[in-house]
Amino acid sequence: QVQLVESGGGLVQPGGSLRLSCAASGSIFLIYNMGWYRQAPGKQRELVATITNGGSTNYADSVKDRFTISRDNAGNTVYLQMNSLKPEDTAVYYCNMIYKAGWTAPTDDAWGQGTQVTVSS
């Protein structure tokens, strides 16, 4: 069993910054991708950014040049630095991990519990 624990959400004014963190623990043999998704009220969950175990990144067009995703050296923690925040960035942000629990285990994915980000004056 694996666990993803997110932190760093909160209330920020437009133009402000926040940094989200997500730490993975549990039965993890290999992590492929880690990423962040978000879901605003009344909308579907959407991709924000992902990062592979090789460090390749992918961003939604709406956050390019404002958000930066990164991973720590051990690879079990992923961060999302969010700058120049806009009211439309308001959402619950979820951490996601694509991983294997063992050498012969199937590839699986896990989700965090979500952290609220509210951008408002």
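**View 1. Order of elements along the protein chain.** Read along the sequence, this predicted model follows the pattern β-β-β-β-β-β-β-β-β-β-β. The protein chain has 11 strands and zero helices.

**View 2. An open sheet of four strands.** The strands are arranged in the order S1-S3-S8-S7, and their pairing is antiparallel. Strand S1 (2–7) and strand S7 (67–71) stand at the edges; each has a single partner strand, so one side of each lacks a neighbour in the sheet. From one strand to the next, the twist averages 15°. In general, strands of a sheet pair through backbone hydrogen bonds, and the pairing is either parallel or antiparallel.

**View 3. The pairing of strands S3 and S8.** Strand S3 covers residues 18–26 and strand S8 covers residues 77–82. Six bridges join the two strands in the antiparallel sense. Leu 20 stands opposite Leu 80, which belongs to S8.

**View 4. Overall dimensions of the protein chain.** The C-alpha trace spans about 50 × 25 × 20 Å along its principal axes. The radius of gyration is 14 Å, which agrees with the value near 14 Å for a compact globule, because the protein chain has 121 residues.

**View 5. Interior, surface and contacts.** Of the 121 residues in the protein chain, 42% are buried. The protein chain exposes about 6400 Å², and carbon and sulfur atoms supply 45% of this area. Among contacts between residues at least 6 apart in sequence, 56% join residues at least 24 apart.

Key: Residues numbered from 1 in each chain as written. Predicted model: local features only at pLDDT ≥ 70, side-chain atom pairs only at ≥ 80, totals over all residues. Heavy atoms only, no water. Pairing = 2+ DSSP bridges. Axes fitted to C-alpha atoms, helices over the stretch in contact; angles between N-to-C directions. Rg over C-alpha atoms; globule rule 2.2 N^0.38 Å. Buried < 20%, exposed > 50% of the residue type's maximum accessible area, 1.4 Å probe, protein only. Contact = heavy atoms within 4.5 Å. Areas by Shrake-Rupley, 256 points an atom, 1.4 Å probe, with all protein chains shown as cover.
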